[in-house]
Amino acid sequence: MSTTRPRLPYGQLKPLILTHLRTYPHLAFTPWELAKVLGRSHGTIRRILLRLAETGEVDQTTQRPARFQHHS
């Protein structure tokens, strides 16, 4: 029996990430931490977070480990 979740439709993971970051605006998360909470791939989450940081929607608070926080 598989414990993996079904794949989300394209574009549906970004809103989940943003919702979680907005819920906890005072905390910064690693892609791995978000992956555990959301039950999704940390690699995919990392790519989305890096894009969000480039556009200014989230802040990358540290490089190693990479941590991201909702843009206040």
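View 1. At 35% relative accessibility, K14 is classed as partly exposed, a label given to residues between buried (under 20% relative accessible area) and exposed (over 50%), as computed with a 1.4 Å probe on protein chains only. E57 is likewise partly exposed, its relative accessible area being 31%. The two side chains meet in a salt bridge with an N to O distance of 3.8 Å, where the term requires a side-chain nitrogen of Lys or Arg within 4 Å of a carboxyl oxygen of Asp or Glu. Because K14 belongs to helix α1 and E57 to the loop between α3 and β1 (58-62), the pair ties together parts that are 43 residues apart in sequence. Helices (H or I, at least four residues) and strands (E, at least two) are DSSP runs numbered from the N terminus. The model shown in every view is predicted, so that local features need pLDDT of at least 70 and side-chain atom pairs count only at pLDDT 80 or more, whereas totals for chains, interfaces and linings use all residues. Residues are numbered from 1 along each chain as its sequence is written, and side-chain values use heavy atoms, with hydrogens and water left out.

**View 2. E33 and R67, a salt bridge between a helix and a strand.** The structure holds two salt bridges, and one of them joins E33 to R67, with the closest N and O atoms 3.1 Å apart. E33 lies in helix α2 (residues 31-38) and R67 in strand β2 (residues 67-70), so this contact links parts separated by 34 residues in sequence. E33 is partly exposed at a relative accessible area of 27%, and R67 is partly exposed at 25%.

**View 3. The pairing of β1 and β2.** These strands pair in the antiparallel sense over four bridges, pairing being assigned if DSSP finds at least two bridges between two strands. A hairpin of four residues joins β1 to β2. R67 in β2 is the bridge partner of T62.

View 4. The volume of the largest pocket is about 570 Å³, taken as the space filled by probe spheres set on grid points that are joined across faces, edges and corners. A pocket is an open set of points on a 1 Å grid over the protein atoms alone, where a 1.4 Å probe fits, with protein on both sides within 12 Å along at least five of seven lines, and its lining residues have an atom within 4 Å of a point. Of the 20 lining residues, P9, G11, L13, T44 and I48 are the closest to the centre of the largest pocket. Both α1 (13-23) and α3 (42-54) supply at least two residues of this lining, and α3 gives the most, with five.
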